[in-house]
Amino acid sequence: MKSQIIGQTVVFLEQVGSTNNYASSQLREREVEEGTVFLAVSQVKGRGQQANIWESESGKNLTFSIVLHPDFLEIKDQFLLSKAICLGLKEFLDTFCPHVSIKWPNDIYIGDRKVCGILIENAIMHGRFSSSVVGIGLNINQDHFVSDAPNPVSLKQVTGDEYDLKESLELVLSKIDRFYCQLIDGEVGTLNQMFVSSLYRLNEWHYYRDEQQTYRGRIIGVNEIGQLRIEEESGKINEYHFKEVSYIMK
Ligand code: BTN
């Protein structure tokens, strides 16, 4: 196992638009060492998936981007990176509270609420990953959420405790580092198995909607390219790419 890669260098920024944008602009301007973290105390134009905004009150949460150079990873295996990141975040949250799960493809939930979002942006050169910017918004001490994001929650809202952000950052980076090193070392079987067993709603019967229908089904895992597998009551198994299926929430 390699020694720590992630967080050897942490660049603290008082205020930026988006740490993902900042990290990408740094990558265009200079060589950025693998594992470098860009963290913003205040992120005023945080980006979420699908052009959504990411709400985070200044100084309350962890909003940061990790620069990686996963050139060992084949493009077809890119979901493995997402799995490693999710598992690190889940393991971090597991130290503070129960009921942490990974809502496929890469949201982290406590119970039925979203505590963390991940935005991974890859650059590809000559058919390999030249860099990945892994943006993480982890809600730690925020007391109220005002945007219309579905089901946001912070760790403090769940446990009632206030957390030291510097200590939290150190811990979460070490957790993510552990799983990233496993990925480098090719421990893919373990990552896959841990990811599936951490899935939100695994093996539970709930309602889902795809292009054709709304149906009752249960998540049974993900396939080798990261598609979500849901079994219908009839036994038929459906496989989905991101956004091809919606979870019907309670
Ligand atoms: C999501 O929509 O679930 C993804 C949210 C990702 C938010 C983080 S905060 C740090 C980084 N910088 C951004 O602009 N977005 C990501």
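Two strands count as paired if DSSP finds at least two bridges between them. The structure described here is a predicted model. In this model, strands β10 and β11 pair in the antiparallel sense over four bridges. The hairpin of β10 and β11 has four residues between the strands. There, G235 takes a positive phi near 100°.

Strand β10 also pairs with β9. The two run antiparallel and share five bridges. G221 stands opposite R229 in β10. Five residues lie between the strands in the hairpin of β9 and β10. In that hairpin G226 has a positive phi near 90°. Strand β10 spans residues 228-232, and four of these five residues are buried, so the strand is largely enclosed by the rest of the structure.

Strand β9 has a further antiparallel link, to β8. Five bridges join β8 (residues 205-209) to β9 (residues 214-222). R209 stands opposite T214 in β9. These pairings belong to an open sheet of five strands. The order is β11-β10-β9-β8-β12, with antiparallel pairing. Strands β11 (237-240) and β12 (246-247) stand at the edges. Each has a single partner strand, so one side of each is left without a neighbour in the sheet.

Strand β3 (residues 62-68) lies elsewhere in the chain. Seven of its seven residues are buried, so β3 is largely enclosed by the rest of the structure. In a regular strand the side chains alternate between the two faces of the sheet. In β3, L62, F64, I66 and L68 point one way. T63, S65 and V67 point the other way. Residues of both sets are buried. Strand β3 has antiparallel partners in β2 and β7. With β2 (residues 37-43) the pairing covers four bridges, and V37 stands opposite I66 in β3. With β7 (residues 128-138) the pairing covers seven bridges. Here S65 stands opposite G135 in β7.

The loop between β2 and β3 holds S56. This serine has a relative accessible area of 16%, and the limit for a buried residue is under 20%, so S56 counts as buried. Its side chain joins that of N61 in a polar contact of 3.0 Å. Leaving aside residues up to four places away in sequence, S56 touches N61, T63 and Q142.

Strands β2, β3 and β7 also take part in covering helix α1. In α1 (residues 19-29), T19, N20, A23, S25 and Q26 are buried. The cover over these buried residues includes β1 (10-16), β2, β3, β6 (113-125) and β7. At the start of α1, a side-chain oxygen of S18 reaches to within 3.2 Å of the backbone nitrogen of N20.

Two other helices, α4 and α5, pack against each other. Helix α4 covers residues 165-184, and helix α5 covers residues 188-197. Their axes lie 8 Å apart, at an angle of about 135°. An angle over 145 degrees would count as roughly antiparallel, and one of 65 to 115 as roughly perpendicular. Helices α4 and α5 are therefore oblique to each other. On the α4 side, F179, Q182 and L183 make the contact. By class, the contact has four nonpolar, two polar and no charged residues.

Some loops contain backbone geometry of note. Most residues other than glycine have a negative phi, and most peptide bonds are trans. Residue H99 is not a glycine, but its phi is positive, near 65°. H99 lies in the loop between α2 (79-94) and β4. Its relative accessibility is 63%, so H99 counts as exposed. Residue N151 likewise is not a glycine and has a positive phi, of about 55°. N151 lies in the loop between β7 and α3 (155-159). Its relative accessibility is 30%, so N151 counts as partly exposed. A cis peptide bond joins W104 and P105, with omega at about 5°. P105 is placed in the loop between β4 (100-103) and β5 (107-110).

Technical notes
Residues are numbered from 1 along each chain as its sequence is written. This is a predicted model: local features need pLDDT of at least 70, side-chain atom pairs count only at pLDDT 80 or more; totals for chains, interfaces and linings use all residues. Side-chain values use heavy atoms; hydrogens and water are left out. Axes are lines fitted to C-alpha atoms, for helices over the stretch in contact, and angles run from 0 to 180 degrees between N-to-C directions. Angles under 35 degrees count as roughly parallel, over 145 as roughly antiparallel, 65 to 115 as roughly perpendicular and the rest as oblique. Contact means heavy atoms within 4.5 Å. Ala, Val, Leu, Ile, Met, Phe, Trp, Tyr, Cys and Pro count as nonpolar, Asp, Glu, Lys and Arg as charged, and the others, Gly among them, as polar. Buried means under 20% relative accessible area, exposed over 50%, partly exposed in between (1.4 Å probe, protein chains only). A polar contact is a pair of N or O atoms within 3.5 Å; within protein, one must be able to donate a hydrogen and the other to accept it, and residues adjacent in sequence count only if both atoms are side-chain atoms.
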